[in-house]
Amino acid sequence: MQRISVIDSHTGGEPTRLIISGGPELGNGPLAERVAIFERDFDHYRSATVNEPRGSEVIVGGLIVEPYEPGCVCGIIFFNNVGYLGMCGHGTIGLIATLAHLGKLASGTHKIDTPVGVVSATLHSDSRVSIENVVSYRTEKAVALTLPSGQSVTGDIAWGGNWFFLCADHGEDIHVGNMERLTALLWEIRHEANKRWPELDHIELFGPPRDPENHSRSFVLCPGGAYDRSPCGTGTSAKLACLAADGKLAPGAIWRQESVIGSVFEGTFTPLREAEGVIPTITGRAWISAEAMLLLDDTDPFCWGITNR
Ligand code: PYC
């Protein structure tokens, strides 16, 4: 029987399951190399941790590893039901809450190594966490897509630690009761967008907020078909890059991004001096929801998870 010790948390409703011990040994190279080793040799650990029967399509997992970059408190490799993530904003907020819960981290600013670069996380005294993310930028503005249904949408393509298609002219009500229509539409958009941009794996719709305190409400379709219950940290970073490029938000001004279930991240950005793009900072809070031991019995036909691979 193998054992994997995990801690679960949620950030604005979006779950994160972090492997504390019992995960695969990936060596001590740069994190981008370690993800490749994870995927090539140990992908069954990913599936066993997040997929059914122990998990579900909505869980984002993370393997805490020794950092490669100097000055970092740890490294993190995030994954989901279908693969690996460059960065994960809600998950990094969950990571900081988990390390604090374990007594491994005090309030203050800490650097974290990720496969797409070093990010910086500040644990505040009220348990909120601010993530200074990787440089985020828009590569295409107002791309038009005609969907198989005949509907036309336009959207921007931007990087916020993952690749996003950000769309506002969808005509949908962004509401949990409208989940089936939203999911079907976003799959159509993703399918169409992937013909030209195969790297795009997150699709994000924007609409008016429910709460007038906020600036916008979003619905994010994650790579494996689940919707993000949180406002999506990397998605909000991509949004900030677009707002900055359009001159619609001033450096340092707060953007309150509401998720489809009403949870909120606050975002701000610092412009880059000599290049396109911004350094976004995303603030939110995570709550610890479980400490658990996953049991892996090799005689169990679904020991390594139910997978679509
Ligand atoms: O918060 O960056 C995020 C995220 C990505 C996928 C799910 N959440």
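How many of the eight residues of helix 2 (residues 43-50) are buried? In this predicted model, helix 2 is mostly covered, with seven of its eight residues buried. These are D43, Y45, R46, S47, A48, T49 and V50. In general, an α-helix has 3.6 residues a turn, so residues three or four places apart point the same way. The loop between helix 2 and strand 3 contains P53. A cis peptide bond, with omega about 10 degrees, joins P53 to E52.

A search of the whole structure returned one cavity of 30 Å³ or more. The space in the largest cavity amounts to about 140 Å³. Its lining is made up of 21 residues, of which E14, V60, L85, H202 and C222 are the closest to the centre. Helix 3 (89-101) and helix 5 (233-245) are the elements that give two or more residues to this lining. By residue class, the lining of the largest cavity divides into ten nonpolar, eight polar and three charged residues.

The model also holds a ligand, surrounded by E14, C88, G89, H90, H202, C222, D228, C232, G233 and T234. At D228, a polar side-chain atom lies 2.8 Å from a nitrogen atom of the ligand. The ligand taken alone exposes 250 Å², and the protein buries 99% of that area.

The largest pocket was considered next. Its volume is about 270 Å³. Among the 15 residues lining the largest pocket, D156, L166, A168, K239 and D246 are the closest to its centre. Two or more lining residues come from each of strand 9 (137-146), strand 10 (152-159), strand 11 (163-167) and helix 5. The lining of the largest pocket comprises seven nonpolar, two polar and six charged residues.

Several loop positions were examined individually. N178 lies in the loop between strand 11 and helix 4 (179-196). N178 counts as buried because its relative accessibility is 14%, under the 20% cut-off. The side chain of N178 makes a polar contact of 3.1 Å with the side chain of E172. E69 is placed in the loop between strand 3 (60-65) and strand 4 (72-79). With a relative accessible area of 34%, E69 is partly exposed. E69 and L31 are 38 residues apart in sequence, and their C-alpha atoms are 8.8 Å apart in space.

Backbone geometry was also inspected. Most residues other than glycine have a negative phi, and most peptide bonds are trans. S127, which is not a glycine, has a positive phi of about 75 degrees. S127 lies in the loop between strand 7 (117-123) and strand 8 (129-132), and its relative accessibility of 32% makes S127 partly exposed. A142 is likewise not a glycine and has a positive phi, of about 50 degrees.

Notes:
Residues are numbered from 1 along each chain as its sequence is written. This is a predicted model: local features need pLDDT of at least 70, side-chain atom pairs count only at pLDDT 80 or more; totals for chains, interfaces and linings use all residues. Side-chain values use heavy atoms; hydrogens and water are left out. Buried means under 20% relative accessible area, exposed over 50%, partly exposed in between (1.4 Å probe, protein chains only). Helices (H or I, at least four residues) and strands (E, at least two) are DSSP runs, numbered from the N terminus. On a 1 Å grid over the protein atoms alone, a cavity is a set of points where a 1.4 Å probe fits but cannot get out, and a pocket is an open set with protein on both sides within 12 Å along at least five of seven lines; lining residues have an atom within 4 Å of a point. Grid points are joined across faces, edges and corners, and a volume is the space filled by probe spheres set on the points. Ala, Val, Leu, Ile, Met, Phe, Trp, Tyr, Cys and Pro count as nonpolar, Asp, Glu, Lys and Arg as charged, and the others, Gly among them, as polar. A residue is near a molecule or strand if one of its heavy atoms lies within 4 Å of it. A polar contact is a pair of N or O atoms within 3.5 Å; within protein, one must be able to donate a hydrogen and the other to accept it, and residues adjacent in sequence count only if both atoms are side-chain atoms. Accessible areas come from the Shrake-Rupley method with a 1.4 Å probe; for residues, only the protein chains shown count as cover.
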